[in-house]
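Biologist: Please take the charged side chains of this model as the part to look at closely. Tell me how they are paired, and then go through the surroundings you can describe in detail.

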Amino acid sequence: MEEKQTLTGKAKLSYALGAVGKDMVYMLSASYVLYYFQDVMGVSAIAMGAILLIARIFDAFNDPIMGVVVAKTKTKWGKFRPWLLIGTLTNAVVLYLMFAAPPKSDAAGLTAYAAVTYILWGVTYTMMDIPYWSMIPAFTEGGKERENLTTLARTCAGVGSAIITIATMAVVPMLGKMLGGVEGNAGEIVGFKYFSLIIAALFVLFTVFMCVSIKEKSTAEMKTAGVGEMFKALVQNDQAMAVTLTIVLINMSIYITSNLVIYFFKYDFGGTGWNNAYVLFNMFGGAIQVLSMMLFYPLLRKKFTSLQIFYICLGMAIVGYAVLLLLAFTNMSSVFILFIPAFCIFAANGMLTVITTVFLANTVDYGELKNHRRDESVIFSMQTFVVKLASGVAALVASICLSITHLQSGTDVSASDAATDFSAAVSIAQKTGLRLTMAVIPIIGLFIAFFWFKKRYQLTDERLAEIESELNARHKEA
């Protein structure tokens, strides 16, 4: 029998840093690629929405295949680290190219450039994201060990997301002024180019450190299934399907808001200092999101089960969106009043990212018990796909909203627009459409997630203990 191993402190630290770098890259793309190409570069909102959704449909075929490739990989460096390195290096290059679009290209050229770079970004991100998350069930025995490692990784992923949320629109204008000598729209073009380069470099650095520090543990040889068998296994794992659809609904709701919140501050909240208010809002929200994973979730976990915390978080998020909608129709003279809904939404989102990953990891054990095969790579390929699918659907919804409301500054805005009050030229009807899209649709999505999950998910703490006991007994007999 193979001796049980535990991850060292250095391995845990490197794994955590890998999560920071990975989610910095993801959040930069998920939250700002639509704004960059549509509002900064002037690409049609509908065209961008179509590009983002088509890329996600492509991932429906690419991600499970990548899961099979990872499962079949055998090298002297293991199955995970080679793909982590290859995926990270290529994704870093594509990320930089995506935010370094040639500003003098015509509309058709920019649209084609956005399509090619964004699809390539999705493919290369999949190459490293699947092996990263597949390590969790492969390196842990289940129960508290798995939950603790998942919490650590998701907390640090939240830190990476928060860094981008807080820093992007504070650093981008600064880089535009320092390195390009320009402000406003022209400054954002330069700023996004160099900011993406910095994030890409950190991404590579953190992943290399992780791959050097983590020594993959040997696992029992298992028969690797073909693509058709893998799809069949996913369909047969009803708990995995229940969790993945829940993740889609939650993330879609959150991403609709994250795509539109910058437009909300620029065209609705308004004022010449809209960017400062936006940065302050994100600083608060990012801090709350990290605290929710590092402090709030562990405290709640002492008194409540993961399932109970999940429902508490869904309720918090729904209340937060309702308050945001009400406040949007009042005189928003101060950004601090928006901290009330921000607390509910960001805190709930932080804890939900941890909990849903724990739920998904638990379905690996359930699938092994039910299907007699441990498909961690394929199950976690679904996480990569559904998160990107949610971001694609959310981006399409946001782009339709932007197209209908005609919110776009584009490249025709002069370099002196840093002090422009964009909200002054926006009608009440335009603002209302923006508010309803970023608040009402997420509320509907979260309610659907609540009812779907409550009806379908069955892996309570007691049931998980039973599954672990049954698997241990099966392994001893093998």
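**Charged pairs and their surroundings**

Modeller: Lys 370 has a relative accessibility of 41% and so counts as partly exposed (buried is under 20% relative accessible area, exposed over 50%, partly exposed in between, with a 1.4 Å probe and protein chains only). The model is predicted, so local features need pLDDT of at least 70 and side-chain atom pairs count only at pLDDT 80 or more, while totals for chains, interfaces and linings use all residues. Residues are numbered from 1 along each chain as its sequence is written, and side-chain values use heavy atoms, with hydrogens and water left out.

Lys 370 is joined to Asp 238 by a salt bridge, at 3.1 Å from N to O (a side-chain nitrogen of Lys or Arg within 4 Å of a carboxyl oxygen of Asp or Glu). Helices here are DSSP runs of H or I with at least four residues, strands are runs of E with at least two, and numbering starts from the N terminus. Asp 238 has a relative accessible area of 30% and is therefore partly exposed.

Another such pair is Asp 461 with Arg 301, whose side chains meet in a salt bridge of 3.7 Å from N to O. It also links distant parts of the chain: Asp 461 is in helix α14 (residues 461-477), Arg 301 is in helix α9 (residues 274-301), and the two are 160 residues apart. The relative accessible area of Asp 461 is 34%, so this residue is partly exposed. Arg 301, at 17%, is buried.

In a further pair, Lys 22 forms a salt bridge with Asp 23, where the closest N and O atoms are 2.9 Å apart. Both of these residues are buried. They are also members of a network of salt bridges that links Lys 22, Asp 23 and Asp 129. Over the whole structure, the search finds 8 salt bridges. Side chains of opposite charge can pair when their charged atoms come close.

The C-alpha atoms of Ile 163 and Asp 23 are 9.4 Å apart in space, although the residues are 140 apart in sequence. Ile 163 sits in helix α5 (residues 143-180) and, with a relative accessible area of 34%, is partly exposed. Leaving out residues up to four places away in sequence, Ile 163 touches Val 20, Met 24 and Thr 168 (a contact is heavy atoms within 4.5 Å).

With residues up to four places away in sequence set aside, Asn 275 touches Met 169 and Pro 173.

The next residue is Ser 31, in helix α1. Ser 31 counts as buried, at 7% relative accessibility. Its contacts, again without residues up to four places away in sequence, are Ser 258 and Asn 259.

Helix α1 (residues 9-40) is also paired with helix α6 (residues 184-213): their axes come within 8 Å and cross at roughly 160°. The axes are lines fitted to C-alpha atoms over the stretch in contact, with angles from 0 to 180 degrees between N-to-C directions. The two helices are therefore roughly antiparallel to each other (over 145 degrees; under 35 is roughly parallel, 65 to 115 roughly perpendicular, the rest oblique).

Tyr 118 lies in helix α4 (residues 107-139) and is buried, with a relative accessible area of 4%. Its C-alpha atom is 8.1 Å from that of Val 94, a residue 24 places away along the chain. Beyond four places in sequence, the contacts of Tyr 118 include Ser 29, Val 33, Arg 56, Met 98 and Ser 391.

As for the whole, the chain has 14 helices and 0 strands. Of its 478 residues, 58% count as buried. Among contacts between residues at least 6 apart in sequence, 85% join residues at least 24 apart.
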